[in-house]
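Here are my notes on this one, as numbered points. Have the model open while you read.

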Amino acid sequence: IGLLTELVAMQEAVLATDFELDAVLGEIVGHAHRLTRADAGVIEMLDGDELVYRAVAGGAEKFRDMRMNAATSLSGRSIRSGDIFWCQDAGSDPRVDLESARAAGARSMVIVPLMHRRKAVGAIKVYSSRPFVFGEREVRVVQMMAGPIGAALARAELLDRLANTAMTDQLTGLPNRRAWDERA
């Protein structure tokens, strides 16, 4: 019952954000961090060849906006493959970029890719400084958190498109009167 109550609380908190993307991401990663009893939670988004720590919770607060190479990170591998990764001990897992894991203090991790339009665009990750911390329950919790993020990304894209449409002449693609009035 505790997990279900927490998931409902997370959904209520997301609804209270008015669906502003960064607020939604912050709420979700915060709940993932607490529900898994992780040291930290992170939402990493692809930006070209890099992953950006877009939302952080717990011990990852100091890494907000950090960038890392998507090609060498375990999160990048999860995004490329679309697979969930559960790393019990970064020190003995050959998939892990050990230097990055040590810098973040990540010894055990759960990473779930974030899907938008059937394409992975980022990942939600929880991690601990201790090995063998996470079990199947934590993997399921993080997986449940990924769904609302995908919905938030779709909503943000739709809102951007609507805002652009409201300010652009559909025939010419040039700014319309509303855009000129806003700028004035």
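1. Let's begin with Gln-88, which is partly exposed, with a relative accessible area of 25%. (Buried is under 20% relative accessible area, exposed is over 50%, and partly exposed is in between, using a 1.4 Å probe and protein chains only.) Gln-88 sits in the loop between E4 and H4. Leaving out residues up to four places away in sequence, Gln-88 touches Arg-107, Ser-108, Pro-131, Phe-132, Val-133 and Phe-134, where contact means heavy atoms within 4.5 Å. Gln-88 and Met-109 are 21 residues apart in sequence, and their C-alpha atoms are 6.6 Å apart in space.

2. Some ground rules before going on. This is a predicted model, in which local features need pLDDT of at least 70 and side-chain atom pairs count only at pLDDT 80 or more, while totals for chains, interfaces and linings use all residues. Residues are numbered from 1 along each chain as its sequence is written, and side-chain values use heavy atoms, with hydrogens and water left out.

3. Now the overall layout. The protein has six helices and six strands, and along the sequence the pattern reads α-α-β-β-β-α-β-α-β-β-α-α. Helices (H or I, at least four residues) and strands (E, at least two) are DSSP runs, numbered from the N terminus. Of the 184 residues, 43% count as buried. Taking contacts between residues at least 6 apart in sequence, 50% join residues at least 24 apart.

4. The sheet is open, with six strands in the order E3-E2-E1-E6-E5-E4 and antiparallel pairing. Two strands count as paired if DSSP finds at least two bridges between them. At the edges are strand E3 (67-69) and strand E4 (85-87), each pairing on one side only. Neighbouring strands are turned by 25° against each other on average, direction ignored. As for angles here, axes are lines fitted to C-alpha atoms (for helices, over the stretch in contact), and angles run from 0 to 180 degrees between N-to-C directions.

5. Next, the pairing around E2. E1 and E2 are antiparallel, with eight bridges, and Ile-43 stands opposite Ala-55 in E2. These two strands form a hairpin with two residues between them, and Gly-48 in the turn has a positive phi of about 65°. Strand E2 (residues 50-58) is also antiparallel to E3, through three bridges. There, Leu-51 has Met-68 of E3 as its bridge partner, and Glu-50 stands opposite Asn-69 in E3.

6. Which strands does helix H2 touch? Helix H2 (residues 21-36) packs on the sheet against strand E1 (40-47), E2 and E6, and its direction makes about 60° with that of E2. Helix H3 lies across E1, E2, E4, strand E5 (108-116) and E6, at about 40° to E5.

7. The buried residues of H3 are Leu-74, Ser-75, Gly-76, Ser-78 and Ile-79, and they pack against E1, E2, E4, E5 and E6. Just after H3, Gly-82 takes a positive phi of about 75°.

8. Finally, the cavity. The structure holds one cavity of 30 Å³ or more, and the largest cavity takes in about 130 Å³ of space. Of its 15 lining residues, the closest to the centre are Met-68, Ser-100, Ala-101, Met-109 and Lys-125. On a 1 Å grid over the protein atoms alone, a cavity is a set of points where a 1.4 Å probe fits but cannot get out, and lining residues have an atom within 4 Å of a point. Grid points are joined across faces, edges and corners, and the volume is the space filled by probe spheres set on the points.

9. Who supplies that lining? Helix H3 (74-81), helix H4 (98-104) and strand E6 (119-128) each give at least two residues, with H4 giving the most, at three. By class, the lining has nine nonpolar, three polar and three charged residues.

Technical notes. On a 1 Å grid over the protein atoms alone, a cavity is a set of points where a 1.4 Å probe fits but cannot get out, and a pocket is an open set with protein on both sides within 12 Å along at least five of seven lines; lining residues have an atom within 4 Å of a point. Ala, Val, Leu, Ile, Met, Phe, Trp, Tyr, Cys and Pro count as nonpolar, Asp, Glu, Lys and Arg as charged, and the others, Gly among them, as polar.
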